[in-house]
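Good morning, colleagues. I would like to take you through one structure today, beginning with a single residue and ending with the contact between two chains.

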Amino acid sequence: MTVLPRTAARAGRERTTRAVWLIGLAILLLVLPRLIYPVLALDILAWGLFAVAFDLLFGFSGLLSFGHAAFWGSSAYVTAYLLGQGQSVPVAMLGGTLSALALAVPIAFLSVRSAGIYFSMITLAFAQMLSFLALQWTDVTGGENGLQGFERPGFLGMDFSDSLTRYYFCLAVFAVGFYVAYRTVRSPFGQAQQAVRDNEQRAESIGFNPVRFKFTAFLISAALAGLAGSMYAFGHGVVSLEVVNWRTSGEVVMMTLLGGTTTLFGPVIGAGIVLLLRDVLTTANLPVGIVTGLVFVATVLFFRRGVVGTLQHWMRRR
Amino acid sequence: MNTQLLLIQVFNGLVNGAFYALLSLGLAVIFGMLRIVNFMHGALYMLGAFTAFALGQAFGLGFWPSLILAPLIVAGIGMVLERGLLSRLYGLEPSYNLLLTFGLTLLTQDLVKQVMLSQYAVSSAPYTPPPVLSGVVNLGFVVFPKYRLFVIGLSLLICLITWFVIEKTRVGAIIRASTENPGVTRAFGIDVGKWVTGVFGVGVGLAGLAGVLAAPIYSVEPYMGAELIITTFAVVVIGGMGSILGSVITGFAVGVLAAIGAALYPPIANTLVFILMTLVLLVRPSGLFGLPEGAR
């Protein structure tokens, strides 16, 4: 009976490591707007949550969605639209998140029955359809011009014209979203979800319905992506067609992979690296697309564990 | 809507369908053999158009030599990428190759953009069809641009040849066998790995050919393949990844249906393909010609 104590010891150690990671991430995010300008820091929060949401589906369900821009983008549009209509910030963000969730129901229903590469193509196609709709539905989306100059009315004494206030407000929203993702992965649902990912037949044979788990995971992931999209619209004050573009769907994959899939924290780090890199490149007037393309290719070929995944791998070996 | 307008739309639909067919045919051939989805297909289509344009600028080569050379160059580039990069990921989840080819797409597009800006100081360039194919043909009941008729005809011919080679020849038999069961095929003494590169080259060569054909219709532009490839993915989902002939028929049929739909109700033009995909997914999740997941 030596197995039990050793497992318990390992579980304890893992809990400690996880706590260290969490505290480290929290400190980093708290001081971030002092290190870089607040709008960029806010972008990292929004994209970070987006990538965490994406990884709930990619890493923990094994479903590579190539159309997550649909949820991020639709929520960004709805949030901006509601703010433009004079709604308060929490209402607009909630509206955006719910619209992403509502959009996810039919898309998830049609796509989760297909596996592997088929799933990727179907989600990509739906996102593209949405991007065409956004282009055409100019009354709501502003078409090529996008939406800008919308109000951000103060809430509970907070003045959202100040970018630092916006950042810390969004940090609170981010914490809620991250907690939801964290709880989902650690819950019995999350365990079953990963069992389905690892061996669908086995999971089915012990009574789990794979399609139902994938469907639910898809909805949670899409809603969190929507929450992230509403943060982006609120933080940026501008929403353009870029938010529903296929590149956006690809970018979130890149952030997740670079940071480390199934590590929970990793995608946030990945988002930070990609956005900082892009910022440096744009400032230096270097070709952004070529460098990010190279980073993407190199990550897929040689660095599939990602930054956090590699670190954890090293620490576990020591 | 009068009959003449409808006929014109059907022809235009066939032109779009010709591109869908050539691209989804290439995708189907590659998927059949390698079980990967080549996201780069759109970028290689663009590269075909760009190569034709660049050959014209650098060596004064006209449409006809480019129509042969550009697809060969694209096939060569594709084969180098397959050997050098894609083959490293064959043991892993097929998703990783989708991601790899996505990254290569970003890279290719922006490289071409840089080259076009620095070498030719343009962000997009027109490409003129040869004089023989300019002008219109009067078919009696309708007038139609010669070049577009040529595109429909040539792409039909290429699709038929590809289908014939795969279904009726020894080479095709080897390819089909390697697709269906690589292990058993290897046991018969056939080096499956060697065929993979060739098949990949043919698949992307078809994309290059489609690119050259598209150059005179749309202008040569770094992002010309990006949205087309996503629409083609929807076409592939509609047809299912099962059969070569299926992908060709679906390509043309979707092109025509989308064009007619667009004529009846213009706002739907861009989204009709995706609506068709949704309907097919509701009724037949594995596509019109595809086998159910378990049967593969």
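Let us begin with Ala121(B), which is exposed, with 7 other C-beta atoms within 10 Å. Please bear in mind throughout that this is a predicted model. Ala121(B) sits in the loop that runs between H4 and strand E1 (136-138) of chain B. Its backbone deserves a remark: phi of Ala121(B) is near 55°, a positive value in a residue other than glycine.

Is Leu264(A) buried or exposed? Leu264(A) is buried, since 24 other C-beta atoms lie within 10 Å, and 20 or more are required for that class. Leu264(A) belongs to the loop between helix H11 (246-259) and helix H12 (266-283) of chain A.

For chain A, an unreviewed UniProt entry lists "transmembrane region" at residues 20-37, 44-71, 91-110, 117-137, 165-182, 215-234, 254-277 and 284-303. I shall take two of these spans in turn. Residues 20-37 of chain A are 89% helix and 0% strand, and their end C-alpha atoms lie 26 Å apart. Residues 254-277 of chain A are 75% helix and 0% strand, with end C-alpha atoms 13 Å apart.

For chain B, the UniProt annotation "transmembrane region", also from an unreviewed entry, covers residues 6-31, 67-86, 147-166, 195-217 and 271-291. Residues 67-86 of chain B are 90% helix and 0% strand, and 27 Å separates the end C-alpha atoms. For residues 147-166 of chain B the figures are 100% helix and 0% strand, with the end C-alpha atoms 28 Å apart.

Let me now turn to chain A as a whole. Its secondary structure comprises 14 helices and two strands. The radius of gyration of chain A is 20 Å, close to the 20 Å that the globule rule gives for 318 residues, so chain A is as compact as a globular protein of that length. The C-alpha trace of chain A spans about 65 × 45 × 45 Å along its principal axes. Of the 318 residues in chain A, 49% are buried. Among contacts in chain A with a separation of 6 or more, 78% join residues 24 or more positions apart.

How do helix H3 (residues 69-84) and helix H4 (residues 89-111) of chain A cross, and within what distance do their axes come? The axes come within 8 Å and cross at roughly 145°. The crossing of H3(A) and H4(A) is right-handed. Residues making this contact include Ala70(A), Phe71(A) and Ser74(A) from H3(A), and Gly95(A), Gly96(A) and Ala100(A) from H4(A). By class, the residues of the contact are 13 nonpolar, seven polar and no charged.

Finally, the two chains together. In the model, 32 residues of chain B are in contact with 32 residues of chain A. On the chain B side, the elements giving two or more residues are helix H4 (94-120), helix H9 (226-239) and helix H11 (272-283). Which of them supplies the largest share? That is H4(B), with 15 residues. By class, this side of chain B has 22 nonpolar, seven polar and three charged residues.

Thank you for your attention.

Technical notes
Residues numbered from 1 in each chain as written. Chains lettered and ligands numbered in written order. Predicted model: local features only at pLDDT ≥ 70, side-chain atom pairs only at ≥ 80, totals over all residues. Contact = placed C-beta atoms within 7 Å. Helix = DSSP H or I, 4+ residues; strand = E, 2+ residues; numbered from the N terminus. Nonpolar A, V, L, I, M, F, W, Y, C, P; charged D, E, K, R; others polar. UniProt positions renumbered as here; feature names shortened; annotations may be inferred. Rg over C-alpha atoms; globule rule 2.2 N^0.38 Å. Buried ≥ 20, exposed ≤ 12 C-beta atoms within 10 Å, placed from the backbone. Axes fitted to C-alpha atoms, helices over the stretch in contact; angles between N-to-C directions. Left-handed = near helix turned anticlockwise from the far one by under 90°.
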